[in-house]
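Please look through the sequence and the structure below before reading my points.

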Amino acid sequence: MSAKTFLNAEDRKILKNGYTREHPIFVVGLGICSALAVSNTVENAIAMGAGVTFVLLATAVIISSLRSLIPQRARIITYMITIASFVIIVQKFLDAFTPAISKALGAYVALIITNCIIMGRAEAFYVTRTVRHSVIDAVGNGIGYSFTLIAIAAVREILGFGTLLGMKVTPANWENWVVMSMAPGAFFLLGVAIWISRAITERSSGEEEGD
Amino acid sequence: MGHLITIFIAAILTHNIALTYLLGMCPFVSLSRTRKTAFGMSMAVIFVVTLTAAINWPIYHKLLVPANSQLIYYIVFIIVIAASVQLVEMIMERFFPPLQAAFGIFLPLITVNCTVLAVSVFMVLREYSYVATVVFAFGSAVGWMVAIMIVAAINEKLALIGNVPKGLRGTAIIMIIAGIIALAFLGFGGMVDVK
């Protein structure tokens, strides 16, 4: 069964929006904290991307299936409790299976709770849409987020430590750019990455509008 | 006393929550266009961060630890934070409607301002005493304010010059400015030492 028969046109549009038109980090400007903080090595970025995608998916299922039962005034707290419960699962999973990564990520795992992507998607999408669409949206956003995180981490790890996934990839006389592994490097790189993505999307949307 | 001053200075300068730990970035990006909104948000952050840390400490140490249920502390903290934010929102709605109008969607999102939860989580991880927690929370929030106010002031001046490349406008230029400020703040490194 090909992707075309499995997902109809609207499904594919929702999926694609997650990593293009409504890309959480570049376009909407959400989830920047973790994009900056845990992108110093690729290993951390993969763990974080997987964690966020899992929580996003689980939240999408729960919130969209309960959407008719959630009272308007209590919706924010409902999102938070749902998200926090799944983050605890992620935290315990990392503690048990990858203690080294869990230690490196530290408080940032807990901070998946306050990752605006999940909250933002819940408020903007899951609370009003069907389970099917929400799950597809979660996958799209999860892909968009994880891919960006890993891409930024790859650049920072190579420049900052001279390694990729812990393997030495730079020549022997390579001088590490220590600043890339620290906060300022994260800011500069994300700034440039957003710049590049804006330049590309503006060009393509300009063509669509025909100017 | 000296210990507390160290924690306070570290939270503002050497271990600035925005520029070193890269936390609280969503409101940082969206509200640093003008000093006025940045200041309003900072005030809300200072109030909420200090208040929630002060409430969360006794809950964690007097309730969760004796009951041996540290497992659920994320949920407990986030509920306390959400409730406090609701309170701040109601007060603002009643007394400062212009500020409320300026914030729009971002006041509810103060709940997802990572700074608020991060301070409470750091307090647990670093095993601070009650007084140290309050000082650390207040210092962190003031540090966040220092960072966003500097960036907002630079942003205002940039808007006057107005020749930022098109793709860089908005989020990207704020990241670059914050990067330069973070680089400058590295200069404070070694001034005080905390674990």
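1. Two residues are in contact if their C-beta atoms, placed from the backbone, lie within 7 Å. By that rule, and leaving aside residues up to four places away in sequence, A:Val87 touches A:Val55, A:Val109, A:Ala110, A:Ile112, A:Ile113 and, from chain B, B:Tyr74.

2. A word on the source: this is a predicted model, in which local features need pLDDT of at least 70 and side-chain atom pairs count only at pLDDT 80 or more, while totals for chains, interfaces and linings use all residues. Residues are numbered from 1 along each chain as its sequence is written, and chains are lettered from A and ligands numbered from 1 in the order in which they are written.

3. A:Val87 is also among the residues with the most contacts inside the largest nonpolar core, which has 116 residues. A nonpolar core is a set of buried Ala, Val, Leu, Ile, Met, Phe, Trp, Tyr and Cys residues joined through C-beta atoms within 7 Å, where buried means that 20 or more other C-beta atoms lie within 10 Å of the residue's own, exposed that 12 or fewer do, and partly exposed anything in between. H7(B) gives the most to this core, with 12 residues.

4. Where the chains meet, 33 residues of chain A are in contact with 38 residues of chain B. The largest share of the chain A side, 12 residues, comes from H12(A), a helix spanning 183–209; helices here are DSSP runs of H or I with at least four residues, numbered from the N terminus. By class, this side has 27 nonpolar, four polar and two charged residues, with Ala, Val, Leu, Ile, Met, Phe, Trp, Tyr, Cys and Pro counted as nonpolar, Asp, Glu, Lys and Arg as charged, and the others, Gly among them, as polar.

5. Within chain B, the axes of H3 (residues 35–64) and H7 (residues 130–161) come within 9 Å and cross at roughly 165°. H3(B) is therefore roughly antiparallel to H7(B), a label for angles over 145 degrees. Their contact has 20 nonpolar, four polar and two charged residues.

6. Most residues other than glycine have a negative phi. B:Asn68, in the loop between H3 and H4 of chain B, has a positive phi of about 55° although it is not a glycine, and it counts as exposed because it has 7 C-beta neighbours inside 10 Å. B:Glu127, in the loop between H6 and H7 of chain B, has a positive phi near 55°, and with 10 C-beta neighbours inside 10 Å it counts as exposed.

How values were computed
Axes fitted to C-alpha atoms, helices over the stretch in contact; angles between N-to-C directions. Helix = DSSP H or I, 4+ residues; strand = E, 2+ residues; numbered from the N terminus. Parallel < 35°, antiparallel > 145°, perpendicular 65-115°, else oblique.
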